[in-house]
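Here are my notes on this one, for you to check against your own view of it. Have it open while you read.

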Amino acid sequence: MSTPFPYNDRVISGMRPTGRLHLGHYHGVLKNWLALQHEHECFFFVADWHALTTHYEEPSLIPESTWDMVVDWLAAGISPGSATLFIQSRVPEHAELYLLLAMIAPLGWLERVPSYKDQQEKLKERDLATYGFLGYPLLQSADILIYKGGQVPVGEDQVAHVELTREIARRFNHIYGREPGFEALAEQACKKMGKKNAKLFDRLRKKYREQGDQESLEVAQALLESQANITVTDRERLFGYLEGGGRVILPEPRALLAKASRMPGLDGQKMSKSYGNTLALRDDPADIERALRTMPTDPRRVRRTDPGDPEQCPVWQFHRIYSDEGVKTWVREGCRTAGIGCLDCKQPVIDAVLGELRPIRERADEFEQQPDLVRNLINDGCEAARDAARETMEEVRHAMSLVLP
Ligand code: TRP
Ligand code: SF4
């Protein structure tokens, strides 16, 4: 299935406020956001309701985590001039859409989302037998669909949630996009594109519908996108008509997998707070240096004279991210011949990490000294997000007949 073009460009992503960000967030998510914010219209938000779905017993951590997260984003270079930064709970329209989507969300779809059972098994100490936790991915769907997001940068573990979002959107459009006389309205809309375009559209639609020709579908979508003379509603009708559904009120988003720069933790496992192997973006440089100097290496290098194998060493994973070919060759040879010691080997990594974090820490300090500025940025972002969310809710309420006769 494809995404209708008019909204293709919007990027939506959220992060749960779970304390200060670390290098895993920076390399895995933030660098991706940094690149996206200059190329697309971006909405980035703090998913504080999502934090409550798993941690409802300890809400007191949310305010500080939310604040730290926004400061970390700003310090890392996420710019409110390029992206809309906001807090989920400050845009209550997300909750309204979540409620309305809940009406059509089959229970089985939610129960089958892999993270539902996985997390329940993994996080045994938490109470995840709540209605809120079951609804976690549906709330995420509302987060995305309320902005008609086209692209959702997420990690592997979230792809199933975007997939669910697509299915929910399709179901919504199928149920509520089939206004009375849909086909006739679509055909009228088609004529408004002019004789030549209408004919071309018809031909492409037939070819796609009868032969499943993907290229025809794409050309037809591009044709619709290029039409300046038709209304948004007509365009939505035609997108739906093209694919054989109803009017596309909520377009289907796509997951945007970050070019896997998997940041290793200090122990070689994925960097994650739950493994206690993180380096936070704002950790004290002396602590970072100490943590790197004491991180484990290839266990076979007991003595300085024992040769090792970088492939067996977490430090090597850091070199892969931070070092150029020259340094990497020096490491490979020096390690295998015991020509260098592990502390020698770590020094370029220490320098690179400290060099990367210095400007981030400095910018974070500047923002921390101007709390009113940060507050204002957040307020403005919440307002802007709310305006966009309200537009969609108008359409959704209409489509679901939540209007006076
Ligand atoms: N579930 C995401 C996570 O755990 C956070 C999230 C909430 C999100 N809503 C979203 C991500 C919407 C992308 C789009 O990381
Ligand atoms: Fe690891 Fe470097 Fe020591 Fe080899 S020399 S074991 S790669 S730290």
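The points below go from conventions to domains, then the ligand site, then the cavity.

1. Ground rules. This is a predicted model, where local features need pLDDT of at least 70, side-chain atom pairs count only at pLDDT 80 or more, and totals for chains, interfaces and linings use all residues. Residues are numbered from 1 along each chain as its sequence is written, chains are lettered from A and ligands numbered from 1 in the order in which they are written, and side-chain values use heavy atoms, with hydrogens and water left out.

2. Domains. The protein splits into domain 1 (11-177 + 371-399), domain 2 (182-243) and domain 3 (282-368), with bounds from an automatic or database domain assignment. Taken over C-alpha atoms, the centres of domain 1 and domain 2 are 32 Å apart.

3. Who sits around ligand 1? The shell holds 13 residues, with R16, Y136, Q140, D143 and Q158 the closest; a residue is in if one of its heavy atoms lies within 4 Å. By class the shell has six nonpolar, five polar and two charged residues (Ala, Val, Leu, Ile, Met, Phe, Trp, Tyr, Cys and Pro are nonpolar, Asp, Glu, Lys and Arg charged, the others, Gly among them, polar).

4. Where the shell comes from. β1 (11-15), α8 (136-145) and β4 (151-154) each give at least two residues, and α8 gives the most, four. Helices (H or I, at least four residues) and strands (E, at least two) are DSSP runs, numbered from the N terminus.

5. Polar contacts, meaning pairs of N or O atoms within 3.5 Å. A polar side-chain atom of D143 is 2.7 Å from a nitrogen atom of ligand 1. For the side chain of Y136, the distance from an N or O atom to a nitrogen atom of ligand 1 is 2.8 Å, and for Q158 it is 2.9 Å. Of the 360 Å² that ligand 1 exposes when taken alone, the protein buries 91% (Shrake-Rupley, 1.4 Å probe).

6. How many cavities of 30 Å³ or more are there? The count is one, with about 90 Å³ of space in the largest cavity. A cavity is a set of points, on a 1 Å grid over the protein atoms alone, where a 1.4 Å probe fits but cannot get out, and lining residues have an atom within 4 Å of a point. Points join across faces, edges and corners, and volume is the space filled by probe spheres set on them.

7. Its lining. Of the 13 residues lining the largest cavity, C313, V315, C335, C342 and C345 lie nearest its centre. α15 (314-322), α16 (325-336) and α17 (342-368) each supply at least two, with the largest share, three residues, from α17. The lining divides into nine nonpolar, one polar and three charged residues.

Technical notes. Polar contact = N/O pair within 3.5 Å; in protein donor to acceptor, adjacent residues only side chain to side chain. 1 Å grid on protein atoms, 1.4 Å probe; cavity = no way out; pocket = protein on both sides within 12 Å on 5 of 7 lines; lining within 4 Å.
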